[in-house]
Amino acid sequence: MKKKLLHFIIPIFLVVVLSSFAWHKFYVSVTQIDYLPNKKRVEITSRIFIDDLEKALDKKYKKKFYLTSTREIENAEVLIQEYLKEKIKISINKKAQNIEYLAREVEGDVLIFYTKIAISKKINTFEIYNSLLTDIYKEQQNIVHLNINGNKNSFLFTNSDTNQKIDY
């Protein structure tokens, strides 16, 4: 009986051990951008894994952030805002825009950031730069979904492809 049990357990053990070496984390962020002409603004919602953002902030500012914990550093919010402004830039009608930080919330292991751009003119051109976490992970992929002037587009930003321009 023990011999039969070993013949059963050893192959399962080997499969589990060997397959664990093939596992690789997927590095991704998702940003939704919506133009709301009736509210005269562009709303931006970004979703970033907490541990990935924490690693980027730790490296950039050379301190431990402990995001979303009771040990989070005092000025984390300000430094996060600086990081986001450096990593996401938007130009509308060929003019660089000020992205206003509104808030953040936690959903599981993801931080959700809410930002906006005040805009009263019709959008004719929209350019976006997104290099979130590409300084930490070469495999980082940043997906951006746009809903502008009734047109929906999706773009994939990578370490080597950080800019997109759309004409409307």
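The model is a predicted one, so local features need pLDDT of at least 70 and side-chain atom pairs count only at pLDDT 80 or more, while totals for chains, interfaces and linings use all residues. Residues are numbered from 1 along each chain as its sequence is written, and side-chain values rest on heavy atoms, with hydrogens and water left out.

Taken as a whole, the protein has 3 helices and 10 strands; helices are DSSP runs of H or I with at least four residues, strands are runs of E with at least two, and both are numbered from the N terminus. Read from the N terminus, the elements go α-β-β-α-α-β-β-β-β-β-β-β-β. Of the 168 residues, 37% count as buried, which is to say under 20% relative accessible area, with exposed meaning over 50% and partly exposed in between (1.4 Å probe, protein chains only). As for contacts (heavy atoms within 4.5 Å), 58% of those between residues at least 6 apart in sequence join residues at least 24 apart.

Strand β1 (residues 28-36) has two partners to go through. With strand β8 (residues 141-148) the pairing is parallel and covers 7 bridges, and Val30 stands opposite Ile143 in β8. With β2 the pairing is antiparallel, over 8 bridges, and here Tyr35 stands opposite Val42. The β1 and β2 hairpin has 4 residues between its strands, and in it Lys40 takes a positive phi near 55 degrees. Ser29, also in β1, is buried at 1% relative accessibility. Beyond its neighbours within four places in sequence, Ser29 is in contact with Arg47, Ile48, Leu132, Gln140, Gln141, Asn142 and Ile143. Over in strand β9 (residues 151-157) there is another serine, Ser154. Its C-alpha atom is 5.6 Å from that of Val144, 10 residues away along the chain. Setting aside residues up to four places away in sequence, Ser154 touches Val144 and His145.

Now for the helix α3 (residues 76-87). Its 12 residues reach 16 Å from first C-alpha to last, close to the 16 Å expected at 1.5 Å a residue; the expected span is 1.5 Å times one less than the number of residues. Buried in α3 are Ala76, Leu79, Ile80, Tyr83, Leu84 and Lys87. Viewed down the helix axis these buried residues fall within an arc of 140 degrees, so they line one face of α3; the arc is taken from the directions between the helix axis and the C-beta atoms.

Aromatic pairs come next, and a search of the whole structure turns up 3. Rings of Phe, Tyr and Trp (its six-membered ring) pair if their centres lie within 6.5 Å, and planes under 30 degrees apart count as stacked, over 60 as edge-to-face and the rest as tilted. One of the pairs is Tyr61 with Phe65, tilted, at 6.0 Å centre to centre and 45 degrees between the planes. Tyr61 is buried at 18% relative accessibility, and Phe65 is buried at 0%. Tyr101 and Phe113 make another pair: their ring centres are 6.3 Å apart and their planes at 50 degrees, so this pair is tilted. Because Tyr101 lies in strand β5 (residues 100-107) and Phe113 in strand β6 (residues 110-118), the pair ties together parts that are 12 residues apart in sequence. Tyr101 is buried at a relative accessible area of 15%, and Phe113 at 2%.

Charges show up over rings too, the test being NZ of Lys or CZ of Arg within 6 Å of the ring centre and within 35 degrees of the ring normal. The charged end of Lys60 sits over the ring of Tyr61, 5.4 Å from its centre. Likewise, the charged end of Arg71 sits over the ring of Tyr66, 3.8 Å from the ring centre.

Methods:
Pairing = 2+ DSSP bridges.
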